[in-house]
Amino acid sequence: MPKKETTRSKNSKSDLNRKMYGVFENSLLERSDFTLSSYINDISKRLKTITPKKIQSKNQATGVSQCIRAILTSLSQRNNVTELMLCHDIKYSAATVSVSLKKMAYDDLLTLTVDNEDRRRTLISITEKGLETQKYLEEAYKELDGILLKGITEKEKDLMVPLLKQMLKNVLEAQNDPALKDIKVSPCLKAQTTKSLLDSKELKL
């Protein structure tokens with residue numbers, strides 16, 4: 001049987017992680033040889049640690065995914081829609097939307113009722129609780145934008161948005177590259193990347 005991890009070893013790992021991320025953070029800010037994708041990836045990872053805290057500070061409801069946020073936003077603008085109409089509007093798969101709708105109905109964020117004109121269809125409507133949650137979420141995400149755009153002028157922001165959209169378009173196209181379709185990423189790739197950082201001369205414990 002594998003040995004149980006001691007408190008000391010856990011603390012050592014925590015110290016190592018803090019040291020490792022501290023070095024990487026300073027490197028990103030101080031060095032000029034990192035790629036643009038490194039900055040975008042790191043910003044995204046760090047934003048993910050802030051996002052749930054911002055949402056929690058506005059609304060105690062937990063488990064609010066991007067799909068749920070998109071559904072609430074769509075329903076706040078147009079009510080009594082079918083699932084097909086909703087999928088077309090928010091650009092999420094039917095399977096993802098279906099799972100989210102069941103969770104949201106359970107949490108009283110929306111109602112699902114049979115269409116009297118066509119009983120094969122279900123009409124989706126947002127509730128008062130759903131509208132309140134949507135409002136909280138929008139406030140939280142506006143604050144997140146404020147964090148990201150601090151020190152950036154309106155002119156720079158106007159230049160940034162089309163560039164980011166083009167980057168997103170490029171990544172979406174790359175995802176559909178036939179040459180990458182059958183490539184399986186090894187589970188140990190992340191561990192190898194971490195080890196390379198640990199072995200670097202920058203990390204001195």
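In the predicted model, Val114 lies opposite Thr122 of strand β2. The two strands concerned, β1 (residues 110–114) and β2, are paired in the antiparallel sense, and 5 bridges connect them. Of the 5 residues that make up β2 (residues 122–126), 4 are buried, so this strand is largely enclosed by the rest of the structure.

Both strands also contribute to the surroundings of helix α3. The buried residues of α3 are covered by elements that include β1 and β2, together with α4, α5 (94–106) and α6 (128–148). Helix α3 itself comprises 12 residues and extends 17 Å from its first C-alpha to its last, close to the 16 Å expected at 1.5 Å a residue. Its buried positions are Cys67, Ile68, Ala70, Ile71, Leu72, Ser74 and Leu75.

The packing of two helices is described by the angle between their axes and the distance between the axes. For α3 (residues 66–77) and α4 (residues 83–90), the angle is about 110° and the axes are 10 Å apart. Angles of 65 to 115 degrees count as roughly perpendicular, and α3 and α4 are therefore roughly perpendicular to each other. On the α3 side, the contact is formed by Cys67, Ala70, Ile71, Ser74 and Leu75, which meet Leu86, Asp89 and Ile90 of α4. By residue class, this contact between α3 and α4 consists of 6 nonpolar residues, 1 polar and 1 charged. Cys67, Ala70, Ile71, Ser74 and Leu75, which face α4 in this contact, are also among the buried residues of α3.

Note on methods:
Residues numbered from 1 in each chain as written. Predicted model: local features only at pLDDT ≥ 70, side-chain atom pairs only at ≥ 80, totals over all residues. Heavy atoms only, no water. Axes fitted to C-alpha atoms, helices over the stretch in contact; angles between N-to-C directions. Parallel < 35°, antiparallel > 145°, perpendicular 65-115°, else oblique. Contact = heavy atoms within 4.5 Å. Nonpolar A, V, L, I, M, F, W, Y, C, P; charged D, E, K, R; others polar. Buried < 20%, exposed > 50% of the residue type's maximum accessible area, 1.4 Å probe, protein only. Pairing = 2+ DSSP bridges. Expected span 1.5 Å × (residues − 1).
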